[in-house]
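Subject: A structure for you to look at

Hi,

Here is the structure I promised to pass on to you. Please open it next to this email and look up each place as you read.

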Amino acid sequence: MLVENQKLAEFAALVSSGDVRPFEGPLKVGVDLGTANIVMAVTDQDNRPVAGMTTHSTVVRDGIVVDYVGAVRAVRTMKAALEEKLGVALTKAATAIPPGILDGNVRCIANCVEGADLDVIKVMDEPTAAAAVLGIRDGAVVDVGGGTTGISILRDGKVVYTADEATGGTHMTLVLSGYYDIGRDEAEKMKLDASQEQAVFPIVYPVVEKMASIVKRFVDGRQVKDLYVVGGACCFSEFENVFEKILHIPTHKPNDCLFVTPLGIAVNQ
Ligand SMILES: Nc1ncnc2c1ncn2[C@@H]1O[C@H](COP(=O)(O)OP(=O)(O)OP(=O)(O)O)[C@@H](O)[C@H]1O
Ligand SMILES: [Mg+2]
């Protein structure tokens, strides 16, 4: 089931147009260092999106920084571009990590942001950030990004369980590349082309089933009544239906699902 979220739509429009919305007062900044994309989100104190930017990235893999210098450079470049548009300096930011990664890796993610001259004021779990945008108090948020499927279960507005496991959009691309005997770049392009969804979705279907089975293991016995899927790999129109079929839990997907976690990092600080 698709759920409409106005703030997400506003943020997505700002990212694609490169525009800045007029603002007053101090700004909040979120940096999402993902396996596939680095996203910076800027909001005002009322959590209205003000500006945003996304860059394709290969500097982080499943929450682990594999190219520190590249990561710092990318965040620096994005920060400078946003500062120029906004006409103010950005000095502090929040960031996020997939649930369950080791302390040293958490530090490493924070160091990338600090290396770009942003004081890190908070490091949160990615699905927890997403829950803040969706306004969820009860249920589970599943973030299916480039590399991993992560989950946060919330009860009465509190996170009671988090977990994360490898399997994301990258795995879909690999399966597609193998099936059609094409290179990874070509497979990625094919996957992102909505007009080819009929040729793509049946081939990546087993990967979606695998993602659902990962989530099934995490939610079993935890009385989850609603599920919310976010992250780039959820973009396929039938994605949430596969989850519902396997999990027998009502599954909701917001518009612009790629941007839920990044916007949530800015909002939830
Ligand atoms: N329209 C789309 N259809 C299918 N897949 C998509 C679409 N848009 C993006 N993706 C896939 O989503 C993934 C990126 O999602 P996202 O930006 O949420 O990941 P990430 O945050 O970089 O990764 P992670 O959270 O795992 O570290 C990529 O694998 C990309 O190919
Ligand atoms: Mg992510």
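This is a predicted model: local features need pLDDT of at least 70, side-chain atom pairs count only at pLDDT 80 or more; totals for chains, interfaces and linings use all residues.

The protein chain is split into two domains: domain 1 covers 2–125 + 259–267, and domain 2 covers 131–253. Taken over C-alpha atoms, the centres of domain 1 and domain 2 are 22 Å apart. Where the domains meet, 15 residues of domain 1 are in contact with 16 residues of domain 2.

**Two pairs of helices**

Two packed helices are described by the angle between their axes and the distance between the axes. With that in mind, have a look at two pairs.

On the α4 side, the contact is made by E126, A129, A130, A132, V133 and L134. On the α9 side, V260, T261, L263, G264, I265 and V267 take part. Sorted by class, the residues of this contact of α4 with α9 are 9 nonpolar, 2 polar and 1 charged.

How many of the residues of α4 are buried? The count is 8 of its 9 residues, so α4 is mostly covered. The buried ones are E126, P127, T128, A129, A130, A131, V133 and L134.

From α5, the residues G169, T170, M172, T173, L174, L176, S177 and Y180 meet R184, A187, E188, M190 and K191 from α6. This contact of α5 with α6 has 6 nonpolar, 4 polar and 3 charged residues.

**Buried residues worth a click**

- L33 sits in strand β2 (residues 28–33). With a relative accessible area of 2%, L33 is buried. Leaving out residues up to four places away in sequence, L33 touches I38, V60, V75, I109, C112 and V113. L33 and A110 are 77 residues apart in sequence, and their C-alpha atoms are 9.7 Å apart in space.
- S57 is in the loop between β4 (49–56) and β5 (60–61). S57 counts as buried at 5% relative accessibility. The side chain of S57 reaches the backbone nitrogen of V59 at 3.4 Å. Apart from its neighbours within four places in sequence, S57 is in contact with G34, T35, A36, N37 and I38.
- I153 belongs to strand β10 (residues 148–155). I153 is buried, with a relative accessible area of 1%. Not counting residues up to four places away in sequence, I153 touches G139, A140, K158, V159, V160, Y161, F218, V219, R222 and V224. I153 and V60 are 93 residues apart in sequence and 25 Å apart in space, C-alpha to C-alpha.
- T251 lies in strand β13 (residues 251–254). T251 is buried, with a relative accessible area of 0%. Again not counting residues up to four places away in sequence, T251 touches M1, L227, V229, E240, F243 and E244.

**Two loop residues with a positive phi**

Finally, please look at two loops. D117 is in the loop between α3 (103–115) and β8 (119–125). D117 is not a glycine, yet it has a positive phi of about 65°. Its relative accessible area is 47%, so D117 is partly exposed.

The other is Q223, in the loop between α7 (197–219) and β12 (227–230). Q223 has a positive phi of about 50° although it is not a glycine. Is Q223 buried or exposed? At 64% relative accessibility, Q223 counts as exposed.

How values were computed: Residues are numbered from 1 along each chain as its sequence is written. Chains are lettered from A and ligands numbered from 1 in the order in which they are written. Side-chain values use heavy atoms; hydrogens and water are left out. Helices (H or I, at least four residues) and strands (E, at least two) are DSSP runs, numbered from the N terminus. Buried means under 20% relative accessible area, exposed over 50%, partly exposed in between (1.4 Å probe, protein chains only). A polar contact is a pair of N or O atoms within 3.5 Å; within protein, one must be able to donate a hydrogen and the other to accept it, and residues adjacent in sequence count only if both atoms are side-chain atoms. Contact means heavy atoms within 4.5 Å. Ala, Val, Leu, Ile, Met, Phe, Trp, Tyr, Cys and Pro count as nonpolar, Asp, Glu, Lys and Arg as charged, and the others, Gly among them, as polar. Domain bounds come from an automatic or database domain assignment.
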